[in-house]
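Here are a few notes to read alongside the model. Keep the 3D view open and click on each residue as you go.

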Amino acid sequence: GYFKESYQKYGLTHCDHIMPETIVDAVMRSLEQPLMDSSICRNVYERNCLLFFTSHVMTTVLKQYNMFDFHRIYDGLETGLDAFSFHALLDGVHDTLVIIESSRFFVFGGFTTIPWSSGFGVDELTLSKDDELCTFMFSLRNNKNHPIKFRLKSSDRYAVGHSSEYGPCFGDGDLTLGNEQGAIQPSSFDIAHYSQLCDKQRFVTTNIEVYQL
């Protein structure tokens, strides 16, 4: 079918499975409109890639609730890229897709079912484990023009980090976002090198968008 061909066309070798065709249309309709207004994902190719990356989560939501509500709840350009603005809107919010764009136009991010919080201190991250291994990271726009999905290591399971001094953080330092600044240090996810996400280990953030499933 169409989606099987699309997986092969886009080279998305890390995707979990092909969605049943009866679910595809509902997911696509729900995903397409919110992302069409994105200032980061500017074309159908990038929007489809995000659909593939989150397909297993979307399928579960549809089966459990017989519905699908995908909407943007945070836009850094509108509300501010600082940690305070992020936590004001996202603390306590679960099932979120985070999309990040760097000043050199690299696009990457992650998804987690774990609710965001301000943590228990400001000097270091409060780490949360994901025993279900639902959390993942992705690279959407990179040097090789090849979207990649990165899985959480089963031996680690540190999925996200929380602190009032930082925005969304994935893994045990894999991706850390401060006030318009970010850093990559592969640890908890199967990322071989920071260049799979961005051209520099430390980067400037131009926008962050967060969508909730």
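This is a predicted model: local features need pLDDT of at least 70, side-chain atom pairs count only at pLDDT 80 or more; totals for chains, interfaces and linings use all residues.

1. Start with isoleucine 191, which sits in the loop between β10 (181-184) and β11 (202-212). Is this residue buried or exposed? Its relative accessibility is 7%, so isoleucine 191 counts as buried, the cut-off for that being under 20%.

2. Now look at what surrounds isoleucine 191. Setting aside neighbours within four places in sequence, it is in contact with Met137, Phe150, Asp174, Pro186, Gln196 and Leu197. Take phenylalanine 150: it is 41 residues away from isoleucine 191 in sequence, yet their C-alpha atoms are 6.3 Å apart in space.

3. Asparagine 142 is another loop residue, found between β5 (136-141) and β6 (148-151). It is buried too, with a relative accessible area of 11%. Which partners does its side chain have? Not counting residues up to four places away, asparagine 142 touches Phe106, Pro147 and Gln196.

4. Next, the largest nonpolar core, which has 28 residues. Those touching the most other members are Ile100, Phe108, Met137, Phe170, Leu175, Phe203 and Ile208. The largest share, 3 residues, comes from β11.

5. Beyond its neighbours within four places in sequence, its contacts include Ile40, Phe108, Leu175, Phe203 and Ile208. There is also a second, separate core of 16 residues, with Phe70, Phe136, Phe138 and Leu140 among them.

Technical notes:
Residues are numbered from 1 along each chain as its sequence is written. Side-chain values use heavy atoms; hydrogens and water are left out. Helices (H or I, at least four residues) and strands (E, at least two) are DSSP runs, numbered from the N terminus. Buried means under 20% relative accessible area, exposed over 50%, partly exposed in between (1.4 Å probe, protein chains only). Contact means heavy atoms within 4.5 Å. A nonpolar core is a set of buried Ala, Val, Leu, Ile, Met, Phe, Trp, Tyr and Cys residues joined through side-chain atoms within 4.5 Å.
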